[in-house]
Each structure stands twice: as C-alpha cells, then as structure tokens.
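Please consult the sequence and structure shown below.

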Amino acid sequence: MTYGSQNNQGINAHDALNSLRLLSAVHQAQQAFIRGKRTVKEVFDVLLERLLDVTASEYGFIGRRLLDAEGKPYLKVISMTNIAWNEETQALYKHYETEGMEFTKLFSLYGEVLTSERPFIANSPAVDPKRHGTPSGHPPLKAFLGVPICGENAMLGMFGIANRQGGYNEEIIAFLQPLTDTCAVIIDALHERQAHEAHVEELRQANEHLHHKEQFLRSLVESQTHYLVRTDLEGRYTYVNEGFVKHFGISEKILGFDALETIHPDDREACTATVTYCLQNPGKMKTVLLRKPTVHGTYLETEWEFIAVLDEQGNPYQIQCFGRDITERRDAERRAEAFQTELTELNKTLEKRVTERTKELQDLNREKDEFLGIAAHDLKNPLAAIKMSAERILLHYKRETFAIIPSVAQTINMASERMLSIIDNLLDINKLESGQFSVSPAECDDLYLKKLVMSYMERAAEKGITILYEQSPKNFTFRADKEALHHILDNLLSNAVKYSPQWKRITVTASLVPSASSGIAPQLRIEIQDEGQGISQEDRKRLFSKFARLTARPTAGEHSTGLGLFIVKKLVELQQGRVWCESEQGKGANFIVEIPQ
C-alpha cells in the first residue's frame, strides 16, 4: 500500500479507494453513534477494523486518555485487536473486553504519545529508546504508529497500530485525519453524555436525601407538644395549654386577651375568615397557617386547625384551636423549592447543551455525507478512465500494436491529475478546518507575483486565452504567505480559464492601495478580470461556500469540485484579508483580493 503526496504528479488509485473506504467507515460510525444503534465499543470496533484495513497494519488499539488521582495520564482502551497467544492471555482479553484494559506505563511507545500529545512513529522499535518491551510470547513488534485524538482544548485519547510493511510516515497520519477527527467527536460526546448521566444521578441522590430529611423533619415536628387554645366568640383567650405557654414564653395571664393581637398583622384577615367559616359550618374543621410572635421578637410559623365548640342547644359558643410549630418544615419546603428550581434550571441547561451537541453532530454527519458523495462522484469517472485505459493497453500488448500506448498513457495521466486535484482540494479543506494550516508572512517582490501569473500562461494558451499582467507601482514589495498566495492565484486563475471561452483575455492587476479602514497603511490588491460568462446575482450569494455548484459551466468541459473559492476565502481570511467578486451575467467576472501589509 502506498500513499500519494500533494507534490506527486500522479496518484495511486488504490489510495483513492482507501480514502473512500475510510470515509465510509467514518460515516457509518457517526450514524451508528448518533442513532444509538450500537454501543460505543461496537462503534470503535468498526473504526479499528477499518483503520487496520486501510493502513495494512496487523493489530492496534483505540482508547481514551484519562488522568489518575495524581494527575498522571493513562489509557483506557475502548477497542483492541485480540492478539492473545495462549489460554492465559485469551482469558485476560475476555476479562477486559467489556471493561477496557488500562495502559499506565508512560515510558513506552504509547506513553510517548500520552505525555507529548503528538504523533509518534517507531519504524525500528527494537532499538527505539522509548521501547519498554513486550511480554514473552507477544507477537513481534516491527513498526509502530501512535496518533493523539484531540478535541478543541485537550487530548481525548489516541490510537496505536503496528506492523505495516514498510513502516509509517507523516502522510499516513494526514490520510487518517478524518478518522482521528471522528474519534475525537465521539469521545467528546461520550464524555459529555457520561458527565450528564453522573450529574443527573447526583441530583437524584440529592433529591432523595432531601426527601428523607424532609420526612425526618416532618416526623420530628409532629412529635413535638401541640398547642391547644380556646377563644370565645369575641376572639378572647379562654384557655391555653402548657405547651403553648412554654413555647411562646407567655403566662396564663393571657386569658381574656384578644387573640388577634398575638398574630402577625398580615395573617389576621386569614384567621378571622377561618373563624367565620367554622361558625357557619359547625362540626367542620378548617386549617390555617399563622405566624405567632415570640418573646425574642421573632415569629414562628404555625399550622392550626379551628373548629367551633357547640353548647347543649347546638349553638357555637367557643372556637377550639389545635396548633403546632411548622417553622422547620416550612424552611425545608422552601429549600426543596429552591433546590427544585435549581434542578429545573440545570436540566434546562443540560438539555440545551445536549440539543446543541446533537445538532453539531448532525451537521457534521450531514457535511460528511456531502463530502463522501462529492468524493465518490468525482473520483468515479477518472478511476473508470484509468481502468479502461489499462484494459486497452493489455489488449494492444497482446496484439503487439504499441503505437496506441502513448495516447492511452496520456489519458491515464490526465485522469490521475484530475484525481490528485480532487484529493488535494479535500486535504486542503481538512487542513484549513482543523486549524493545521498556519500562515507565515514573508517579504515578497513584484517579480515573485509576476512569475506566479506567468506560470499559468501556457495552460491558458491551450484554450487560446491570453493572460495580461499589469502592476502599479512599477516596482514594489509586500508581505504575504507564499504558499497561501500560490493557492489563491492558482484557484482564481484556474477558474478564470475554465469559465472563459476560447480566444478571450484574462487581465491580472497587482497594486498597493491605501487601507479602506485607515486610508494610510497600504495593502496588496490583486484583481483577476475575465471575459467569460459572468456570475448571476443569485450565484454570487453562495459563491464562496463549500461544494458550491453554480449555474455557469466550464466552457471546455473541464472538471470543478466546487471547493476552490471556499479555499481561497479561507486562505485570504487567515491573512486578515478579504475577497469578493464584481460581475454581471454575460459581462465577465472580476475577483478582487486584498491583503493588509
């Protein structure tokens, strides 16, 4: 198995198929995780199987990076190849198959990844200083690749694979980036899911504890001495029991005193209404909550049951009241209400986070579906051309008619270049969106810019198109990232040639102009004006979006992935610049790039 490079002139068709198989596995894993049709281990088992397949590795593992009580990292394996070599190791594998084995030796090949949080390649592990050794009977370790799985702010896990013939290199790490990103998303979502479940369990236990405490307080309050008082129909005390006297710190001299005076002013209306009810409904009890003052100047919350006492003729002549202190119960209820409010808010927050995370996963899944569809569709035709050309070579080789071979080789070369262009664009997108593409502005002169433009003139001439280059001032220097600038001009000039009819002209103008914001600081301005079909107002709204398919079509049937202008916009913005298009349908298009200096 080989891996192509962005600098190669051709591409191995097997690599392209492996890319599709890798993307297919990523897509299946995301779908299974989002829909919950498989366990996390089953999802990672599928990913590990495809990882070993596309890299031609013999065995490997995928695991989560966790920290022990001392803050040291260790690996909790999620999926691992069964490499048991005897009954003892087979039993050990079965034991850890569901719970996950833990790797804790930091001075080792995998430990280097856990501690450095960077990929680690050991193509000669037997002499590598990081090698810790393997148990007796362990399958031979001929080559090792460890890759960290990183989220936005921290390393989440890693995978390790071994024994690829020919060893491993940086290109394999880049090739596996979609799988690494998917593992990061799933592990991050798993962390959030487990944190959510743990928090819900914590809240449940707290709620249960509060319920038990409330029950205890309720029984404790109910076991206290109750109050018993009576009043006449004018509301004056005629009897108070010992519990009432002791609890409120008053004497029996209170007899004959107006009971309303010993009630919180805000509760007196409720007390009067309760008495009225009892007088109107003899024999029926009525409950009321009243705040009663103490000798300390505070109020106790009390619960009372009123009932009218009848004389021999059945007429009410007194109101009898049974009371108890419910201050602690009311405090507990208020705490429970506050806790319930907090719990409700926490649940809302968690639900919002889960909803947002689910949407992120769905958006990512939708984008991967589109990515896979574009890749499969755009790679199918050149692969078919290569296959057909190979069959023609075999046929004419048997007939010993070799004159056709150069023509067929040219077809194979063109198809390979097309596939390489597609994969280059997809890899550029991945580097830009994963933050792996960093810009380093360097000093450039107008001659460098002119050479970039002139390098495209020969390709334009194949369609009879002339490229003119103009600049102002005559000689100037500027700062820009050379690699990014090359990508920007390559995409814009390529599009100008694709969408221009034969025998037309493309004008490239480079200049230093004042900044739009300050009016003083200069900025590099590049304009690429063509005489093509122009761009409609509707197409301009989505011109720089990913996988954009416009109504305009290449004039000579050239291929377009819909990614070029998206890459241009990202590269310009990385340099704090801006890019836009001025065009009218049928009057050509003018793409303008400005990069501040």
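Which element gives the most to the lining of the largest cavity? In this predicted model, the answer is strand E2, with four residues.

**The largest cavity**
- The structure contains two cavities of 30 Å³ or more, and the largest has a volume of about 80 Å³.
- Its lining consists of Lys41, Val77, Ile78, Ser79, Met80, Tyr93, Tyr96, Glu97, Gly100 and Met101.
- At least two lining residues come from each of strand E2 (73–80) and helix H3 (87–99).
- Sorted by class, the lining comprises six nonpolar, two polar and two charged residues.

**Strand E2**
- Six of the eight residues of E2 are buried, and the strand is thus described as mostly covered.

**Pairing with E1**
- E2 pairs with strand E1 (residues 59–67) in the antiparallel sense, over seven bridges.
- The two strands, E1 and E2, form a hairpin with five residues between them.
- Within the turn of this hairpin, Gly71 has a positive phi of about 85 degrees.

**Pairing with E3**
- E2 is also joined to strand E3 (residues 102–103) by two bridges, and these strands run antiparallel.
- Glu102 in E3 is the bridge partner of Lys76.

Key
Residues numbered from 1 in each chain as written. Predicted model: local features only at pLDDT ≥ 70, side-chain atom pairs only at ≥ 80, totals over all residues. Heavy atoms only, no water. 1 Å grid on protein atoms, 1.4 Å probe; cavity = no way out; pocket = protein on both sides within 12 Å on 5 of 7 lines; lining within 4 Å. Points joined across faces, edges and corners; volume = space filled by probe spheres on them. Nonpolar A, V, L, I, M, F, W, Y, C, P; charged D, E, K, R; others polar. Buried < 20%, exposed > 50% of the residue type's maximum accessible area, 1.4 Å probe, protein only. Pairing = 2+ DSSP bridges.
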